[in-house]
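Reader: Hi! I'm new to this one. Could you walk me through it?

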Amino acid sequence: MPVVRPELKHCMDVRVYYEDTDMGGVVFYANYLKFMERGRTEWLRSLGVNQSEVATQEQRAFMVVRVDVRYILPARLDDLLQIESEVTRMGRASLHFAQSIKRNGELITQSNIQVCCVETVNMRVAAIPESVRTKLAAITQE
């Protein structure tokens with residue numbers, strides 16, 4: 001199984017808007033998952049993987065199958081958050097991500113998320129397409 005080079009992390013900023021918070025101005029817990037989804041999507045995009053093209057051309061999509069989230073500190077309205085994403089394991093049909101959310105370098109949320117590649121027609125597990133694997137090879141070492 002390929003080992004992912006640890007120095008290849010993806011980082012992006014997300015601003016907390018009013019729509020992300022509850023009445024107290026604190027980010028609603030499920031919205032952290034949305035921020036992490038954006039992080040994974042932008043990580044793939046940075047590698048040249050466009051998920052909508054993969055869905056239409058390869059009939060494949062990525063689906064979250066496991067989530068483990070630890071909420072450490074609250075994020076609040078107007079905070080600028082850094083979403084860090086890295087792949088910790090790549091299988092034939094799955095990717096395992098470690099993701100963290102930081103504010104000014106301080107860890108506020110961390111997670112381990114597993115996504116699985118599925119066929120868009122029947123939603124059954126399928127191998128990650130070779131066109132995507134080739135791009136993922138840039139971040140792995142045998």
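**A first look around**

Author: Happy to! Let's start with T109, which is buried, with a relative accessible area of 1%. Keep in mind that this is a predicted model.

Reader: Where does T109 lie?

Author: T109 is part of strand β6.

Reader: And which residues is T109 in contact with, leaving aside its neighbours within four places in sequence?

Author: Among them are Y32, V69, R70, Y71 and I72, and also Q99, S100 and I101.

Reader: How do β5 and β6 pair?

Author: They are antiparallel, with ten bridges between them. The two form a hairpin with two residues between them, and N104 in that turn has a positive phi of about 50°. R103 stands opposite E106 in β6.

Reader: What about β4 and β5?

Author: Those strands also run antiparallel, joined by nine bridges. They make a hairpin with three residues between them, and M90 stands opposite L95 in β5.

Reader: Is β5 mostly covered or uncovered?

Author: Mostly covered: eight of the ten residues in β5 are buried.

Reader: Last one: where is confidence lowest, and where is it highest?

Author: Strand β1 (residues 3-4) is lowest, with a mean of 53, and strand β6 (residues 106-119) is highest, at 98. The chain's mean pLDDT is 92. Where pLDDT is low, the predicted coordinates should not be read in detail.

Key. Residues are numbered from 1 along each chain as its sequence is written. This is a predicted model: local features need pLDDT of at least 70, side-chain atom pairs count only at pLDDT 80 or more; totals for chains, interfaces and linings use all residues. Side-chain values use heavy atoms; hydrogens and water are left out. pLDDT is the predictor's confidence in each residue, from 0 to 100. Helices (H or I, at least four residues) and strands (E, at least two) are DSSP runs, numbered from the N terminus. Buried means under 20% relative accessible area, exposed over 50%, partly exposed in between (1.4 Å probe, protein chains only). Contact means heavy atoms within 4.5 Å. Two strands pair if DSSP finds at least two bridges between them.
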